[in-house]
Amino acid sequence: QVQLVESGGGLVQAGGSLRLSCASSGGAFSNYVMAWFRQAPAKEREFVVAISRSTGRTYYADSVKGRFLISRDNARDTVYLQMNSLKPEDTGVYYCAARRIGASRGVVLYTTAPNYDYWGQGTQVTVSS
């Protein structure tokens, strides 16, 4: 059973930066597509970014493109989300998600929540104006 634990959230002023981490345990991390989603109060959970299991292919939501950067360290079983030029609309709970995928599908990404099997508990990000 894969377990995901996010960390790094907090309160930051607009224009600032945060780096989120998601540590994985209980599975072969390199076999998983990883993603970040977020959920603002009274809104549905939305896709932020995903990274493929082996090729490092990434896909970003338009709202964060050019400001956020996802990376993964398979040796440390961790995925990171570097968030720069933060805006108040980036406020929300950020969730890490994982889905196991076969080696032959190393470039595959998913952008919708139902495609992911494992979720972390979330970490709060608050951006003040």
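In E8, which residue is the bridge partner of Arg72?

Reply: The bridge partner of Arg72 in E8 is Val79. The model is predicted, so local features need pLDDT of at least 70 and side-chain atom pairs count only at pLDDT 80 or more, while totals for chains, interfaces and linings use all residues. Residues are numbered from 1 along each chain as its sequence is written, and side-chain values use heavy atoms, with hydrogens and water left out.

The elements come next. Strands (E, at least two residues) and helices (H or I, at least four) are DSSP runs numbered from the N terminus. Two strands pair if DSSP finds at least two bridges between them. In general, strands of a sheet pair through backbone hydrogen bonds, either parallel or antiparallel.

E7 and E8 are joined by six bridges and run antiparallel. Strand E7 covers residues 68-73, and strand E8 covers residues 78-83. The two form a hairpin with four residues between the strands. Asp77 is found in that loop between E7 and E8. The phi of Asp77 is positive, about 55°, although Asp77 is not a glycine. With a relative accessible area of 26%, Asp77 is partly exposed; that class lies between buried (under 20%) and exposed (over 50%), as computed with a 1.4 Å probe on protein chains only.

Five of the six residues of E8 are buried, so the strand is largely enclosed by the rest of the structure.

Taken together, these strands belong to an open sheet of four strands in the order E1-E3-E8-E7, with antiparallel pairing. The edge strands are E1 (3-7) and E7 (68-73), each pairing on one side only. From one strand to the next, the twist averages 15°; axes are lines fitted to C-alpha atoms (for helices, over the stretch in contact), and angles run from 0 to 180 degrees between N-to-C directions.

Cys22 sits in strand E3 (residues 18-25), and Cys96 in strand E9 (residues 92-100), 74 residues apart, so the pair links distant parts of the chain. Their sulfur atoms are 2.1 Å apart, where a disulfide is a pair of cysteine sulfur atoms within 2.5 Å. The link is left-handed, with -80° about the S-S bond. Both Cys22 and Cys96 are buried. A search of the whole structure finds one disulfide.

Ala42 lies in the loop between strand E4 (32-39) and strand E5 (46-51). Its relative accessible area is 89%, so Ala42 is exposed, whereas Asp77 is partly exposed.
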